[in-house]
Amino acid sequence: QVQLVESGGGLVQAGGSLRLSCAASGRTFSSYAMGWFRQAPGKEREFVAAISWSGGSTYYADSVKGRFTISRDNAKNTVYLQMNSLKPEDTAVYYCAAARIYGLGEYDYWGQGTQVTVSS
């Protein structure tokens, strides 16, 4: 069982930056791949970024590539999403998730989400 708690969301102007954090409980965090997703009002949840258990492999949605960076610190049981050059269309609730297998797109545990609002 893994419990995930996101933090770091807020209101920022277009062009600004935010860093989201996702703290995980449990001693098995380092064995899970991690991902970030987002859901804007009236839209379906969409994939943002993922990172392998070791942090050695990452991949991103085209919409955030070059602007967002996912990273993890297994000693702190935490995964991060650094978001730069934010746009109003990045406004959404952001969720982190844990997956037993990297790259399959199947996630087993989810956080409760943190709101990111980007003003124009």
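## Close-up views of a predicted model

**View 1. An aspartate and a lysine meet in a loop.** In this predicted model, the side chains of D62 and K65 make a polar contact at 3.0 Å. To find D62, look in the loop that runs between β6 (58-60) and β7. With a relative accessible area of 67%, D62 is exposed, because that value is over the 50% cut-off. For a sense of scale, the C-alpha atom of D62 is separated by 19 Å from that of A97, and the two residues are 35 apart along the chain.

**View 2. D90 sits buried in a loop.** Here is another aspartate, D90, this time in the loop between β8 (78-83) and β9 (92-99). Is D90 buried or exposed? Its relative accessible area is 1%, under the 20% cut-off, so D90 counts as buried. The side chain of D90 reaches the backbone nitrogen of K87 at 2.8 Å. Leaving aside residues up to four places away in sequence, D90 touches R38, R67, F68, S85, V116 and V118.

View 3. Strand β3 (residues 18-24) runs antiparallel to β8, and six bridges join the two. Within this pairing, S21 has Y80 as its bridge partner. Strand β7 (residues 68-73) also pairs with β8 in the antiparallel sense, over six bridges; here R72 stands opposite V79. Five of the six residues of β8 are buried, leaving the strand mostly covered.

**View 4. One disulfide joins C22 to C96.** The structure holds one disulfide, formed by C22 and C96, whose sulfur atoms are 1.9 Å apart. The pair links distant parts of the chain, since C22 lies in strand β3 and C96 in strand β9, 74 residues apart. The torsion about the S-S bond is about 50°, so the disulfide is right-handed. Both cysteines are hidden from the surface: C22 counts as buried at 0% relative accessibility, and C96 is buried with a relative accessible area of 0%.

Terms used
Residues are numbered from 1 along each chain as its sequence is written. This is a predicted model: local features need pLDDT of at least 70, side-chain atom pairs count only at pLDDT 80 or more; totals for chains, interfaces and linings use all residues. Side-chain values use heavy atoms; hydrogens and water are left out. Helices (H or I, at least four residues) and strands (E, at least two) are DSSP runs, numbered from the N terminus. Buried means under 20% relative accessible area, exposed over 50%, partly exposed in between (1.4 Å probe, protein chains only). A polar contact is a pair of N or O atoms within 3.5 Å; within protein, one must be able to donate a hydrogen and the other to accept it, and residues adjacent in sequence count only if both atoms are side-chain atoms. Contact means heavy atoms within 4.5 Å. Two strands pair if DSSP finds at least two bridges between them. A disulfide is a pair of cysteine sulfur atoms within 2.5 Å.
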